[in-house]
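Subject: Structure handover

Hello,

Here is the structure I promised to pass on. Please load it alongside this message.

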Amino acid sequence: MIIRGDTNIIKVYDLTPLVDVNNYDLADAKDLENFQDTVISFLDSGEAEAVDLPEDLVGVVPDSAEIEINDNVYTFEDVEYKNKSVNELISENFNEGDILLLLQGSGDGYFEYEENPEINDLKIGYTACDIDTPEEPIYNFFCDLILPKIIEVKGEKIEPIATNFYPKDTIIGEVYIVRKEDGNKYLEKVADIDVMHYGWDLFEDIIQVDYDDPIAWC
């Protein structure tokens, strides 16, 4: 089985032990610049550690997705989904007040599996977002995607044996703080970070990055 399509990737760095947002007035241009420089310095030095999440944040845009099984091509409408709540992901992995740097990249994704299941036996993860999801860029980027690394066949999880990611946009860096309201955690953006000078190698621990043309689609 092969899944391919427009793919979004997020890599998360925990800045909580390194940066205190309260020490900066981010509405002040000079303080904002100092904050941005500080974040970049920790990324450069390697002090900013990537968060080891239970599941990689890799998602395929449903309208672009093709699922190929034994030379038959299916769309996202042909499969059953296993909803993964983005809010639950935040609540389970982060604490109120955590400071997170999120690196985001888009491109063409290719995911190959050893198994070739019947389409009716297949269940694919899907990033479900609540109606009242905050109006923050990260939610627009990662809500409503199918998750090629969360696949079940007859209730048994399967893993891709090969992955390729072909970048087609620039890397975006944003810093968020974890907020809590009425018992629910959510992300609030506090700053943009210029990460243009970094290469796509930053994502190599999540997916194989390839700079050649994408593998031909059917």
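Below is what I found, from the whole chain down to single residues.

**Overall**

Note that this is a predicted model. The chain holds 3 helices and 13 strands. The C-alpha trace spans about 55 × 45 × 25 Å along its principal axes. Of the 218 residues, 48% are buried. I also looked at contacts between residues at least 6 apart in sequence: 83% of them join residues at least 24 apart. The exposed surface comes to about 11,200 Å², with 41% supplied by carbon and sulfur atoms.

**Helix α1**

This helix covers residues 29–45. Its 17 residues should span 24 Å at 1.5 Å a residue, and the end C-alpha atoms are 24 Å apart, so the two values agree. At the start of α1, D28 places a side-chain oxygen within 3.1 Å of the backbone nitrogen of K30. Just after the helix comes G46, with a positive phi of about 85 degrees.

Which residues of α1 are buried? They are F35, T38, V39, I40, F42 and L43. These buried residues pack against four strands: β1 (2–14), β7 (99–112), β12 and β13.

**S106 in β7**

Strand β7 also contains S106. Is S106 buried or exposed? Its relative accessible area is 13%; buried means under 20%, so S106 counts as buried. The side chain of S106 makes a polar contact of 3.0 Å with that of N8. Beyond its neighbours within four places in sequence, S106 touches T7, N8, F141, F165, P167, K168, D169 and W200.

Most residues other than glycine have a negative phi. Two aspartates are worth a look here.

- D144 has a positive phi of about 60 degrees. It sits in the loop between α3 (137–142) and β9 (146–153). With a relative accessible area of 41%, D144 is partly exposed.
- D182 has a positive phi near 55 degrees. Its loop runs between β12 (172–181) and β13 (184–193). D182 has a relative accessible area of 73%; the cut-off for exposed is over 50%, so D182 is exposed.

The strands on either side of the D182 loop, β12 and β13, are also among those that the buried residues of α1 pack against.

Best wishes

Definitions and conventions:
Residues numbered from 1 in each chain as written. Predicted model: local features only at pLDDT ≥ 70, side-chain atom pairs only at ≥ 80, totals over all residues. Heavy atoms only, no water. Buried < 20%, exposed > 50% of the residue type's maximum accessible area, 1.4 Å probe, protein only. Expected span 1.5 Å × (residues − 1). Contact = heavy atoms within 4.5 Å. Polar contact = N/O pair within 3.5 Å; in protein donor to acceptor, adjacent residues only side chain to side chain. Areas by Shrake-Rupley, 256 points an atom, 1.4 Å probe, with all protein chains shown as cover.
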